[in-house]
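Please keep the sequence and the structure in view while reading.

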Amino acid sequence: MQKSLRIGQILYTNTLPVYFHFDQSRFEDRIAFLRQVPAQLNEAMARGDIDVGPISSFSYAEHASEYLALADLSVSAKGRVGSIFLFSKKPIEELDGARIALTNTSATSVNLLKIILHKFYGHQVSYVTQAPVLSEMMQESDGALLIGDDAIMAIRQRVPYMIYDLGELWHRFTGYSMTFALWAVRKAVLAEHAELLGEVHASFLASKKMYQRNPEPLIDYVHMHYGGEKADWRQYFRGLQHSFDDEQRAGLEYFYRCAAEQGLLPRPVSVEVWENPDSKNYVERK
Ligand SMILES: C=C(O[C@@H]1C=C(C(=O)O)C=C[C@H]1O)C(=O)O
């Protein structure tokens, strides 16, 4: 039997603050989760295999007429993001004419990289898309883009490449924050499941709030399951924003204008947010 709401979850640590304290027990069998990398979630959302969840902000723009964004949820950073890296055999200023391998897990960051290289550096670059395995990507390319936990694991290996953080480059050139993911809902779902969606949305916000009050249980969890140093994880999560306010909107909509200008999107879009009518009445369960 189909569950009432099928919810996406990004397979990376970056969205854990929104899921770690999500109180699944209150929903019993009314929800189901699909855990995947962003590019797969983008497709699942477009096909209608999931109803709500985080997708690449670029994919939101491609389907803006069919989706709304859930209020106050995103994966954003103002400056260094810590998990979206260009690995390069030479300095970024010298990448004109280069060949870059792009991870097949992303939609936002691959287009962000194109904007940075074409618009800000004036380079002509060719691209190939590959599975996110750095050693293989670097075999025949001058550089490679990784995102999420693949990027985090790769920098731990102390690889012999120059490493550029795309959030940092974007901020340096534009002064804006960058929003990599939004929580989208297909408009068609709203009519049928508005109430349940309201409860799910409120539970995401409650998880985020509980994490913000005390980040340590989540830090312990990722340290146990993904290794590394606790201090590095603390710094990583401190650099991520999971809200969507005027600041994030301004940065994201500027990104959409740049993408349209570069021919990557047919037209710039503005983000239409679904405000949960019940969020003010939501009572956290102890
Ligand atoms: C910060 C990140 O944000 C993400 C990047 C995405 C993309 O490039 O399409 C999509 C969702 C997020 O996972 C990351 O993956 O490291």
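In this predicted model, residue S88 stands opposite G143, which belongs to strand β8. The two strands concerned are β5, made of residues 84-88, and β8, made of residues 143-147, and they pair in the antiparallel sense over five bridges. As background, strands of a sheet pair through backbone hydrogen bonds, and the pairing can be either parallel or antiparallel.

**The sheet and the helices on it**

Strands β5 and β8 belong to an open sheet of five strands, whose order is β7-β6-β8-β5-β9 and whose pairing is mixed. At the edges stand β7 (126-130) and β9 (162-165), and because each has a single partner strand, one side of each is left without a neighbour in the sheet. From one strand to the next, the twist averages 25°.

Helix α4, which covers residues 108-120, lies across β5, β6 (99-103) and β8, and runs at about 140° to β8. Helix α6, covering residues 148-156, also packs on the sheet, where α6 touches β5, β6, β8 and β9, and its direction makes about 120° with that of β8.

**Helices packed against helices**

Two packed helices are described by the angle between their axes and the distance between the axes.

| Helix pair | Angle between axes | Distance between axes |
|---|---|---|
| α4 and α7 (166-174) | roughly 45° | within 11 Å |
| α4 and α11 | about 65° | 10 Å |
| α9 (216-226) and α10 (230-239) | roughly 125° | within 10 Å |

How do α4 and α7 lie relative to each other? With their axes crossing at roughly 45°, α4 and α7 are therefore oblique to each other, and α4 passes α7 in a left-handed crossing. In this contact, S109, L112, L113, I116 and F120 of α4 meet L166, L169, W170 and F173 of α7, and by class these residues are eight nonpolar, one polar and no charged.

The angle of about 65° between α4 and α11 makes these helices roughly perpendicular to each other, and here too α4 passes its partner, α11, in a left-handed crossing. The residues that make the contact are N111, L112, I115 and K119 on α4, together with F255, C258 and A259 on α11. Sorted by class, the contact of α4 with α11 has five nonpolar, one polar and one charged residues.

For α9 and α10, the crossing angle of roughly 125° makes α9 oblique to α10, and α9 passes α10 in a right-handed crossing. I219, V222 and H223 of α9 make this contact with K230, W233 and R234 of α10, a group that divides into three nonpolar, one polar and two charged residues.

**The two domains**

Finally, the chain as a whole is divided into domain 1 (5-78 + 178-277) and domain 2 (84-174), and the C-alpha centres of these domains lie 23 Å apart. Where the domains meet, 23 residues of domain 1 are in contact with 19 residues of domain 2.

Which elements supply at least two residues each to the side of domain 1 that touches domain 2? They are α2 (38-47), α3 (57-62), β10 (178-186) and α11 (246-261), and the largest share of that side, four residues, comes from α11. The residues on this side of domain 1 divide into 14 nonpolar, eight polar and one charged.

Terms used:
Residues are numbered from 1 along each chain as its sequence is written. This is a predicted model: local features need pLDDT of at least 70, side-chain atom pairs count only at pLDDT 80 or more; totals for chains, interfaces and linings use all residues. Axes are lines fitted to C-alpha atoms, for helices over the stretch in contact, and angles run from 0 to 180 degrees between N-to-C directions. Angles under 35 degrees count as roughly parallel, over 145 as roughly antiparallel, 65 to 115 as roughly perpendicular and the rest as oblique. A crossing is left-handed if the near helix is turned anticlockwise from the far one by less than a right angle, and right-handed if clockwise. Two residues are in contact if their C-beta atoms, placed from the backbone, lie within 7 Å. Ala, Val, Leu, Ile, Met, Phe, Trp, Tyr, Cys and Pro count as nonpolar, Asp, Glu, Lys and Arg as charged, and the others, Gly among them, as polar. Domain bounds come from an automatic or database domain assignment. Two strands pair if DSSP finds at least two bridges between them.
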